[in-house]
Amino acid sequence: MGTLTFEAGLKEGRPWPLGANWDGAGVNFALFSAHAERVELCVFDRSTMHTFPLPKCSDQVWHGYLPGAFPGLCYAFRVHGPCSPGHRFDPRRLLLDPYARELTEGFSYDPLPSATNCLKSCVTNEVFDWGNDTSPAIPWADSVLYEIHVKGATRQHPDVPEALRGTYAGLASPPMLEHFKRLGITAVNLLPVHYFLDEERLVNSERANYWGYNTLAFFAPEPRYAARTGGQSVISEFRSMVLSLHAAGIEVILDVVFNHTAETDEAGPTVSFRGIDNASYYRLPANHLDYYENYSGCGNTLNLAHPRVLQMVMDSLRYWVGEMHVDGFRFDLAATLTRDSGFLAAIRQDPLLAQVKMIAEPWDLGPDGYHLGRFPPGWGEWNDRFRDDVRAFWLTGGTGPAALAQRLAGSSNIFRHSGRAPQAGINFITAHDGFTLLDLVSYQHKHNELNGENNRDGHGHNLSWNCGEEGESHDPSILQRRRHLQRALLTTLFVAQGVPMLQGGDELGRTQSGNNNAYCQDNALTWLDWNNADAQLIDFTAGLIGLRQRFPQLRRCSWLTGEADKQGLRDIVWWHPEGREMNGNDWHSSHTLALGFILASEDKSVKSKKLLVLINRDANTLTFHLPPGTWKQLCDSSADAPFAFLLRQETSSLAARSVQLLLQE
């Protein structure tokens with residue numbers, strides 16, 4: 001765009017919008033700091049840094065306008081303020097703009113980075129041709145979520161061009177789109193893609209933060225996932241990925257981390273928020289202002305009770321929806337965001353955000369931090385009760401049929417209030433933080449030695465079972481047991497009311513060798529192993545998703561009651577293997593190792609056949625006496641040909657640790 005000149009200096013500019021905004025003739029800079037006494041703008045022209053005091057402060061926003069400045073300009077701030085408890089002002093430090101859309105690379109943990117080795121913000125103004133892009137807008141009831149890591153998804157995919165492996169472009173490449181369509185998933189739930197840092201202790205041990213839950217810049221896409229082919233920018237590549245996924249009918253949901261920042265605890269780096277206005281951006285203990293509340297377990301907690309911090313979060317969400325076209329968010333440790341703040345009310349009233357999916361991880365590490373079931377209508381919540389009860393039923397015997405029935409019916413005891421629907425619960429068996437599905441049935445204990453913490457990290461309560469041998473096995477009986485259990489767990493997930501979430505790679509039979517906290521393993525341990533994928537398990541998973549989409553009985557929008565309607569029809573009947581309805585004693589008997597349920601159609605105006613689901617967790621084959629009539633077997637999780645159609649009358653034989661799905665003829 002030409003050469004920048006500085007003779008005119010800074011004009012006053014305006015206090016809104018926050019960040020650096022180019023208007024075609026120059027750039028307006030606006031930075032919030034309630035406690036600053038002076039703010040300097042530092043701009044970088046090749047190897048030279050030019051410093052200008054921001055000339056105006058309006059309502060705690062420091063601002064100035066630089067004529068002739070243009071996109072691509074790198075800049076930072078120096079912030080002067082009081083030296084008193086709760087404040088961490090240091091005008092020697094060059095600080096990032098919290099609203100930066102793009103950052104330079106090359107972060108250093110030097111005690112006082114210089115202008116040559118510090119991160120800098122970059123002015124952007126990228127035009128992108130979205131064409132006729134629209135969100136797939138999949139209804140909650142029809143959604144199947146797929147949790148996936150951008151890099152790990154394709155880093156080892158042999159059919160993805162090598163230059164695109166591990167990138168945004170790779171995730172939207174034809175081989176991946178083909179896999180997504182083959183499975184039938186409706187949304188990719190991406191692990192964090194905001195610009196993040198590797199913690200200093202990981203850098204010192206030559207490890208990296210693979211998962212990315214250490215955000216530094218809430219508006220900037222992480223550049224390490226960009227292929228940058230043909231000179232394409234990080235922002236444009238991300239947008240192209242979204243465009244391609246939308247064209248394939250797949251939504252994009254981002255895992256976002258607004259509970260803490262990469263500046264960690266009081267010994268962490270001062271890179272942005274801490275040096276701009278520590279007392280506003282972070283929650284500080286009232287009697288120890290030099291420390292941080294640590295509800296995140298990561299050293300600090302963002303203070304969404306402050307209006308300007310809440311504004312930053314809302315502005316970030318609107319940016320990713322309005323400018324990047326994402327379809328929703330999964331909020332890490334979402335309970336933190338609701339503490340003394342107007343976060344939920346702000347989300348509810350926002351007309352743009354009302355159009356997208358909101359998912360809470362409904363807990364944090366603070367007092368009263370477990371909020372499952374306490375989010376408002378319209379929100380989905382990660383249902384760890386589903387995870388734990390289903391695991392315990394199949395793997396440890398620690399849960400009986402009553403708890404399993406609650407989870408299969410949508411966890412109404414948790415979510416049925418305030419007008420919420422069964423889709424309030426996001427059901428899952430595994431997720432990024434824990435065992436993979438294969439490891440869940442292969443390891444009794446965690447094996448996290450590679451993380452460098454002497455196996456102290458990671459959860460010890462996994463509700464797993466190794467099926468008779470720890471880790472890899474060549475015993476045919478153990479391998480068969482593991483195959484049956486993986487399929488039984490997957491079938492349970494996809495026949496349950498609520499929204500199912502599949503961890504990416506579970507359908508491949510992926511292992512992490514027993515590591516249940518692989519947050520720092522950016523290597524073949526966590527990257528999906530496409531060369532050794534279990535093709536039969538992929539087909540089985542796709543078949544289950546296909547059955548779920550085919551039969552609306554499995555994705556009801558109203559709660560099951562078991563009560564008869566005016567025509568005498570019941571939406572669900574719980575069935576005993578002896579060929580009768582379950583009774584009160586059956587639910588709590590230690591001898592009840594099997595159960596079934598009959599599902600009627602939700603739409604009474606359409607004559608629809610009933611579905612019958614049969615479950616056998618016993619170690620032995622069981623004969624199930626069926627309800628009257630003829631039943632067509634749609635799925636047998638234990639069979640070599642699991643979706644072969646077979647007619648059943650009077651009885652059906654269920655193999656050990658298996659599930660059958662039948663349709664009334």
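User: What should I know before starting?

Analyst: In this predicted model, local features need pLDDT of at least 70, side-chain atom pairs count only at pLDDT 80 or more, and totals for chains, interfaces and linings use all residues. Residues are numbered from 1 along each chain as its sequence is written, and side-chain values use heavy atoms, with hydrogens and water left out.

User: How do I read a helix crossing, say α3 with α15?

Analyst: Helices (H or I, at least four residues) and strands (E, at least two) are DSSP runs, numbered from the N terminus. Axes are lines fitted to C-alpha atoms, for helices over the stretch in contact, and angles run from 0 to 180 degrees between N-to-C directions. Here α3 (residues 174-183) and α15 (residues 535-550) have axes that come within 8 Å and cross at roughly 55°. That makes α3 oblique to α15, since under 35 degrees is roughly parallel, over 145 roughly antiparallel, 65 to 115 roughly perpendicular and the rest oblique.

User: Which α3 residues meet α15?

Analyst: His179, Arg182 and Leu183 do, with contact meaning heavy atoms within 4.5 Å. Their partners in α15 include Ile538 and Ile545.

User: And how is a helix judged buried or exposed?

Analyst: Buried means under 20% relative accessible area, exposed over 50%, partly exposed in between (1.4 Å probe, protein chains only). In α6 (residues 273-281), eight of the nine residues are buried, so this helix is largely enclosed by the rest of the structure. Among them are Phe273, Arg274 and Tyr281. The buried residues of α6 pack against β2 (26-32), β7 (74-80), β13 (215-221) and α7 (307-322).
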